[in-house]
Amino acid sequence: MNLNEYHYAVDPTFLKRLPCPIIVLGPHGTALFANQAFIALFSEIAAEAIQNGKILSIIGRWQEEEVVSFPNSRVPQKKWRLKRINQEDDREVWSLEEANQSPFQDTQFLSMMAHELRTPLNAILGLTQLVNQENEQKGLVETLHTLQYSGEHLLGLINDVLDFSKIFEGKLQLDPRSFNPKMQCKEIKAMLQSRALNKDIFLKVLIGDEVPELVKGDDHRLKQVLINLINNAIKFTEEGGITVKLERLPRGGNMLWLRYTIEDSGIGIAPDKIQQIFEPFSQADTSTGRKYGGTGLGLTISRFLIESMGGNIRVESKPGVGTRFFVSLPMERHQDEQQQFIPASLKPFRNAKVLLVEDEPINQAIAKRYLSKFGIVPELAENGKRVLQWVEAETFDLILMDLHLPDAHGEQLARSIRHMNAHYHRIPILALTSTRYDEWEDKTELAQMNGYLTKPINPALMKRTLEEFFEF
C-alpha cells in the first residue's frame, strides 16, 4: 500500500475537514463515502446515496482531468476538474477541484514559491550564524539569536505547508535506508540543546542498551517527527525539562520495533482536546496558537508520517503537569547490526584541497567563511566550464557542488568528473542544495554524490558530514 492509499482508501475520515469535495466510489459507481465539502455541494442527493449505498446519478462516466459542471448542485454555474487520486481493487477516490482555482491551491505553485522563499532565507540564516559565532557583544548576539530563530521558524512554516500539500496530493514518499538510531538521537539533542538552555530547562536523552547500532528505515522523516515533538515540548515547557527515551520493544517477527518517548513538564493538554491536536490547522486552545505560534500542521504531518511507516503515535497528558508522546515504529533488521563502514585511513581536513562549486555570490561567501574556520581556503568555480578547468589543472580532495548551475546540472557534472581519472573516481563529492532530499522527484540526481548538505548550511552538520571522510 502506498502513502496516499492509507488515508484515502482505509481511513477516509482524514479528509472530512479538507475543503476540496471528495467522494469514494464502490462497484458500479455506488457511493461509499463523501466528505463534508462534497455533501454540502450536492446536499440531499449525495447524503441519500451514501446512506443507502446507491449509484450517484450526478456521476455518469467520469474521465480523469475532465472539466464539468453540475446543474443540480448548489453552484450550477461553477466548473470542476475531476481528479482520480486513488484506485484500489473496485474502489476509487475522486476529488473535485475548481477549474478556475487560485494558483495558491496548486501544488506546483507551492513548490515554486517554497523554493523562492528559501533562497533569501538561506542568506539570512547563514550570515546570522556566522555573526553569532564571530561577535561577542551581548546585545547584538541576542538580537541575532532572535533573527536566526525567526528565520528558522519561517523556514519551518514553509516546509509544513509544502509537506501538507504533498500529503493531500498523495505525493509524499518514503525513502528507507540504513542509519544509526542512537547517533540520530544524539545529533537531535545537539541541534536543540541551545533552545532548551535559553529557557533554563534541561534536555536529556536516554538510550537503552538493547537498541541496535544499525536499522533500516526513513531516517529523514523520523528525524522530522522527533524534532517536531521535541521542539513542541521545549516551546510549551517553562520549568523542569524534556526527557527523550529510546528503547527496543520485545516483539518477534521479521521487523524490530523501536519506541521513542518524549516527556515534558510543560503546560499539558486537557483530555477532551487530545485528539484535536492531530487535526489540520488545529491546536488544543486558540489562545495557545496566539501565544506560541505555529501552523497547527506539525502533529498532523507527524501522525501521517509515522502511520505511513507502519507505526503509531499516542499521547498522555495532564494539564499543569506535562505531556508524554509515544512513537512506536517497525524497522527492518540490518544484516550486520554491529558493523559500520569506517575508512581505513582519514586524511586531516586542514590539509585538504577543496573546490567549492556555487554560482550565487552570497552562498559562496557563507560556505567560504565556514570552511575558513576549519583552516581551508577553497578554490571557487561558479559554473560547469570553470569546474572542468579546475579539475584538469589541480588535484582536489573534496568537491562541494551546487546541483543547479547556470550551464550544467550537478549530477551530470559529477559524472564527468568521476570519469576523468582514478583519483576523481573515488574522492568525496558532496551536493549543495536548497531542495530537501524528500522533495527530489528523481533520486538519481545524487547517484554520483557521496552525500549532500541542505542550504542554509548548518555548520555543525557540515562538520559531522565531513568527519566521514576526513580527520579533524
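**Salt bridges, a hairpin and a serine**

Me: Hi! How do the side chains of Asp219 and Arg177 meet?
Reply: They meet in a salt bridge, at 2.9 Å from N to O. A salt bridge here is a side-chain nitrogen of Lys or Arg within 4 Å of a carboxyl oxygen of Asp or Glu.

Me: What should I know about the model itself?
Reply: This is a predicted model, where local features need pLDDT of at least 70 and side-chain atom pairs count only at pLDDT 80 or more, while totals for chains, interfaces and linings use all residues. Residues are numbered from 1 along each chain as its sequence is written, and side-chain values use heavy atoms, leaving out hydrogens and water.

Me: How many salt bridges turn up in the whole structure?
Reply: The search finds twelve. One of them joins Glu358 to Lys455, with the closest N and O atoms 2.8 Å apart. Glu358 sits in the loop between β14 (354-357) and α10 (361-372), and Lys455 in the loop between β18 (451-454) and α14 (459-466), so this pair ties together parts 97 residues apart in sequence. Glu358 is buried, with a relative accessible area of 2%, and Lys455 is buried too, at 9%.

Me: What links Arg314, Glu316 and Arg324?
Reply: A network of salt bridges links those three residues.

Me: New topic: where is Ser317 found?
Reply: Ser317 is in strand β11 (residues 312-318). It counts as buried because its relative accessibility is 19%.

Me: What does the side chain of Ser317 reach at 2.7 Å?
Reply: It reaches the backbone nitrogen of Ile269. The Ser317 side chain also makes a polar contact of 2.7 Å with the side chain of Thr323. A polar contact is a pair of N or O atoms within 3.5 Å; within protein, one must be able to donate a hydrogen and the other to accept it, and residues adjacent in sequence count only if both atoms are side-chain atoms.

Me: Which residues does Ser317 touch, not counting those up to four places away in sequence?
Reply: Gly268, Ile269, Ile274, Gly322 and Thr323. Contact means heavy atoms within 4.5 Å.

Me: Now β4: how many bridges join it to β5?
Reply: Eight bridges join β4 to strand β5 (residues 91-98), and the two run antiparallel. They form a hairpin with two residues between them, and Asp89 in the turn has a positive phi of about 55°. Strand β3 (residues 67-69) is also antiparallel to β4 (residues 79-88), joined by three bridges. Strands pair if DSSP finds at least two bridges between them.

Me: What stands opposite Arg81 in β5?
Reply: Glu97 does. Arg81 is also the bridge partner of Val67.

Me: Last one: how much of the chain is buried?
Reply: Buried residues make up 49% of the 472 residues. The chain has 14 helices and 19 strands.

Definitions and conventions. Helices (H or I, at least four residues) and strands (E, at least two) are DSSP runs, numbered from the N terminus. Buried means under 20% relative accessible area, exposed over 50%, partly exposed in between (1.4 Å probe, protein chains only).
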